[in-house]
Amino acid sequence: MKKLGGRPSPGLPYFPVLPVLPSLQKKKTTMKKLLRMFKVRRDEWLPAAIMLAMLTALHAAMIARNFEKFTQTGRGHWNIFINNFTVSGFDPITYSIITYWEANYNVYRHPLLAFMVWPLSQVDKWVMDATGVNIVQFLVAVPLLLCAFYAFIFMLRIFTDVIRLGRFDSALLSVMFFSFAYVMVTAVVPDHFCVSMFLLVFTIYVSGMKMQAGTQFKVWQTVVLFFATAGVTLSNGVKTYTYSLFTNGRKFFRPKYFLFAVLLPAVLIWGFARWEYRTFVLPKEKARAELRAKKNAEVRQKLYDAFRDTTSLKDSAEIKKAFDAEMQRRAQAKYKRDHKKPWNQHTGKPIAEGEFMRWTDATTSRGATVIENLFGESIQLHKDYLLQDTLRSRPVIVPYRWAVNYVVEAVIVVLFIGGIWFGRRSRFLWMVLCGFAFDMLLHLGLGFGINEVYIMGAHWLFALPIAMGFIVKAAEGSRAETWLRQLLTVLVGWLLAYNLTLFMGYLV
């Protein structure tokens, strides 16, 4: 009989080890490993502290911008938030949902997000009931700050642990990522993109470490990462499966893994989204439609009564015919007015009609979008129409005032392409690029969100510095190393100074 901890002491009864103990020990070990991953290492302290200070300052400016209005916001919250929060195309839906909880996110695109923020809404309700002060901005800022901070930490580790760069180069490329305009902005706005950014960077890091160790994702690990990433944004689940495919290789298609780690979670989350829509969304949509129909009928009846009292016509059939013609004329005039408004004019025609295809765009210029928005606004803010919304006042395409902005953009694109070339034999890089290609298919191919493609930048911008890391790796020990490092330092310095000045100026 196997003994626990060696020979038992004389005179003491011996109990065999219970089968459950190894399982409990294994779970404790797994939890300790997970917690250790979030411990900031000694060599990470300096860049982490600098980044934390920058992010905290940005959050403070964001909160101060609408502090008085938002802290006094109770049940009549939606109009106050939507009318006063104006940072590009980002929406303050999270502020509204935490202030008064409802499943108001698009349930097909963000199936679990409303339930993820539910605990924050309960804290906010308790504080509002006790003090009358709405602390929603602070409640949202804390998880966003943590997500942005650890996105930086795991980017740093992608360079040090996976690509194996030196500390300075790793810190430089990580800071470059956060110097990109819409990474900086995403880190502090009350939207879901910052959470997605952290989850994707974390998953990429874990995948890279498993590739190096020659290990694979287990079923439970894939399931947890899938529900976390897809629960925030459904399309992120596709990337999680892409990363697990590159990590596990052929084993990804083994029946047990494919059934329980891929097919079953995908079916469950889609089924949950359908249930969520029928339970929370559809009843409200029906109620709003009935109320709108009732109000329209009342307004129409009042207009008809007024028309009948003022017209010289006497026959009821002629009165109704003339009234219908007048209403048709008004409807056409309203359509023409609406068609000139930004929310209509700046939205391209969809590829097809339907529940999901109506989100596509077949007419917005792809070439101008790539230059001015995809690799433009995402990385460097435009001074004209600074952080304005395309659905309110900003044109879809805005050119830069200065030629230097296009020079910086061109250098970054060349470095990105060069990084792909130097890292072309890296399975890890191709894994990251497949996620990038998926986003390009959505935005440039189908045109999803193409009119403000830059606000989705946090989902794919990390691919640029990761690719550049392979140029830095190839240049190590050569004459080009110093020149490349100086070029990257100048780029990072420019991006930080340019974007921080404009963003802080806008907030303050």
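## Basis of the model

The structure is a predicted model, in which local features need pLDDT of at least 70 and side-chain atom pairs count only at pLDDT 80 or more, while totals for chains, interfaces and linings use all residues. Residues are numbered from 1 along each chain as its sequence is written, and side-chain values use heavy atoms, with hydrogens and water left out.

## Overall make-up

The secondary structure consists of 21 helices and 0 strands; helices (H or I, at least four residues) and strands (E, at least two) are DSSP runs, numbered from the N terminus. Along the principal axes, the C-alpha atoms fill a box of roughly 110 × 70 × 50 Å.

Of the 508 residues in the protein, 45% are buried. Here buried means under 20% relative accessible area, exposed means over 50%, and partly exposed lies in between (1.4 Å probe, protein chains only). The protein exposes about 26,300 Å², of which carbon and sulfur atoms supply 65%; accessible areas come from the Shrake-Rupley method with a 1.4 Å probe, and for residues only the protein chains shown count as cover. Among contacts with a separation of 6 or more, 73% join residues 24 or more positions apart, a contact being heavy atoms within 4.5 Å.

## Aromatic pairs and clusters

The whole structure holds 43 aromatic pairs. Rings of Phe, Tyr and Trp (its six-membered ring) pair if their centres lie within 6.5 Å; planes under 30 degrees apart count as stacked, over 60 as edge-to-face and the rest as tilted. F226 and Y241 form a stacked pair, at 4.6 Å centre to centre with 10° between the planes. Because F226 belongs to helix 12 (residues 219-232) and Y241 to helix 13 (residues 234-248), this pair ties together parts that are 15 residues apart in sequence. Both F226 and Y241 are buried.

An edge-to-face pair is formed by F436 and W460, with 5.9 Å between centres and 65° between the planes. F436 lies in helix 19 (residues 427-445) and W460 in the loop between helix 19 and helix 20 (463-475), so the pair ties together parts 24 residues apart in sequence. F436 and W460 are both buried.

## Charges over rings

Two arginines are placed over aromatic rings. The charged end of R65 sits over the ring of Y506, 4.5 Å from its centre, and R424 lies over the face of W421 at 3.8 Å from the ring centre. The criterion is that NZ of Lys or CZ of Arg is within 6 Å of the ring centre and within 35 degrees of the ring normal.

## The largest nonpolar core

The largest nonpolar core has 128 residues, and the members that touch the most others are F178, F180, F428, L464, I466 and F503. Helix 8 (residues 136-162) gives the most to this core, with 17 residues. Such a core is a set of buried Ala, Val, Leu, Ile, Met, Phe, Trp, Tyr and Cys residues joined through side-chain atoms within 4.5 Å. In soluble globular proteins, nonpolar side chains tend to be buried together.

Leaving aside residues up to four places away in sequence, F180 touches S378, I379, I412, L461, L464, P465, L495 and N499.

## Salt bridges

There are 17 salt bridges in the count, each being a side-chain nitrogen of Lys or Arg within 4 Å of a carboxyl oxygen of Asp or Glu. Side chains of opposite charge can pair when their charged atoms come close. D305 and R308 form one, with their closest N and O atoms 3.5 Å apart. These two residues are 3 apart in helix 14 (residues 255-310), and are therefore separated by about one helical turn. D305 is partly exposed at 25% relative accessibility, as is R308 at 40%.

In helix 15 (residues 316-339), E326 and R329 lie 3 residues apart, about one turn of the helix, and their side chains meet in a salt bridge (2.7 Å, N to O). E326 also meets R330 in a salt bridge (3.1 Å, N to O); R330 and E326 are 4 residues apart in helix 15, so about one helical turn separates them. The relative accessible area is 22% for E326, 47% for R329 and 40% for R330. Elsewhere, R41, E44, R157 and D161 are linked in a network of salt bridges.
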